[in-house]
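Hello,

Here is the structure I promised to pass on. Please have a look at it first, and then read on for what turned up in it.

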Amino acid sequence: MATAARLGIGGPVGSGKTALLECIVPLLMKQGIEVAIVTNDLLTTEDADRLKSGGILPGDRIVGVETGSCPHTAIREDPTMNLLTVQDLEILYPDLDLILIESGGDNLASTFSYDLVDSYIFVIDVGAGDDIPRKNGPGFVQADLVVINKIDIAPYVGADLDLIRKQAPEHRRGKPIVYTNCKTGEGLDEVVNFILETVLFRSPASTAG
């Protein structure tokens, strides 16, 4: 049986993981990518329900996993629940190209097992402060791509975006970073092109016009 590529989306509560999915899934579909989503929440399916209500995909292509324990466990130490969900989606939809696995919101130590995903994105937001890069959290440092979200709110929360832009690359040690504003779409094409090139091994999307 053919298997879909798997991409993790991790990061703290409120960083904008679900909003990012709402924005990038339609862009991926425009590129002809067949997508499904698995969300993780502790004791609810709230993120899955939100995505279903938004209509970005048919509802049965979005599955909520209730982890019932620390979010780290379900994506790193014992990802069995997620692996079984992924397997079910692949059986139901053998033409899937990509399954996006959103972690339950957690702290800067959250990382994905590469037994579960081929690559993962870590999302932080400017509202959490401009000291996040200096904290060297494993999720921030080790992720294949970091998305620094909500760049538009920096002036309103007292965060120094220039400082973030200076320090984040130092702590990422050359790994890619994208700065995004999901309200305006800024940076989203870069995220999509990372997925196309690095996860799906396809040509980047044209941004002309």
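**A salt bridge to begin with**

Asp97 and Arg202 form a salt bridge, with their closest N and O atoms 3.2 Å apart. The term stands for a side-chain nitrogen of Lys or Arg within 4 Å of a carboxyl oxygen of Asp or Glu. This pair links distant parts of the chain, 105 residues apart: Asp97 sits in the loop between helix 4 (80–92) and strand 4, and Arg202 in the segment after helix 8. Helices (H or I, at least four residues) and strands (E, at least two) are DSSP runs, numbered from the N terminus. Arg202 is partly exposed because its relative accessible area is 36%; buried means under 20%, exposed over 50%, and partly exposed in between (1.4 Å probe, protein chains only).

Before you go further, please keep in mind that this is a predicted model, in which local features need pLDDT of at least 70 and side-chain atom pairs count only at pLDDT 80 or more, while totals for chains, interfaces and linings use all residues. Residues are numbered from 1 along each chain as its sequence is written, and side-chain values use heavy atoms, with hydrogens and water left out.

**The other salt bridges**

How many salt bridges are there by this rule? The count comes to six. Another of them joins the side chains of Arg50 and Glu22, at 2.9 Å from N to O. Arg50 belongs to helix 2 and Glu22 to helix 1, so this pair ties together parts that are 28 residues apart in sequence. Arg50 counts as partly exposed because its relative accessibility is 40%, and Glu22 counts as partly exposed at 26%. There is also a salt bridge between Arg76 and Glu77, whose closest N and O atoms are 3.0 Å apart. Arg76 has 27% relative accessibility, so it counts as partly exposed.

**The nonpolar cores**

A nonpolar core here is a set of buried Ala, Val, Leu, Ile, Met, Phe, Trp, Tyr and Cys residues joined through side-chain atoms within 4.5 Å. The largest one has 34 residues, and those with the most contacts inside it are Ile37, Leu98, Ile121 and Ile195. Among the elements that give two or more residues to this core are strand 1 (5–10), helix 1 (17–30), strand 2 (35–41), strand 5 (119–125) and helix 8 (188–199). Which element gives the most to this core? That is helix 8, with seven residues.

Apart from its neighbours within four places in sequence, Ile195 is in contact (heavy atoms within 4.5 Å) with Leu7, Ile24, Leu28, Leu98 and Leu200. A second, separate core of 33 residues includes Val38, Ile75, Val126 and Ile164.

**Helix 1 against helix 8**

Two packed helices are described by the angle between their axes and the distance between the axes. For helix 1 and helix 8, the angle is about 60° and the axes are 10 Å apart. The axes are lines fitted to C-alpha atoms, for helices over the stretch in contact, and angles run from 0 to 180 degrees between N-to-C directions.

On the helix 1 side, the residues are Leu20, Cys23, Ile24, Leu27 and Leu28; they meet Leu188, Asp189, Val191, Val192, Ile195 and Leu196 in helix 8. These residues divide into 10 nonpolar, no polar and one charged. In this count, Ala, Val, Leu, Ile, Met, Phe, Trp, Tyr, Cys and Pro are nonpolar, Asp, Glu, Lys and Arg are charged, and the others, Gly among them, are polar.

**A few single residues**

Arg173 has a phi near 50°, a positive value in a residue other than glycine. You will find Arg173 in the loop between helix 7 (161–172) and strand 7 (177–179), and it is exposed, with a relative accessible area of 63%. Phe201 is not a glycine either, yet its phi is positive, at about 55°. Phe201 lies in the segment after helix 8 and is exposed at 70%.

Is Ala205 buried or exposed? Ala205 counts as buried, at 16% relative accessibility. Leaving aside neighbours within four places in sequence, Ala205 is in contact with Gln31, Asn193 and Leu196.

Best wishes
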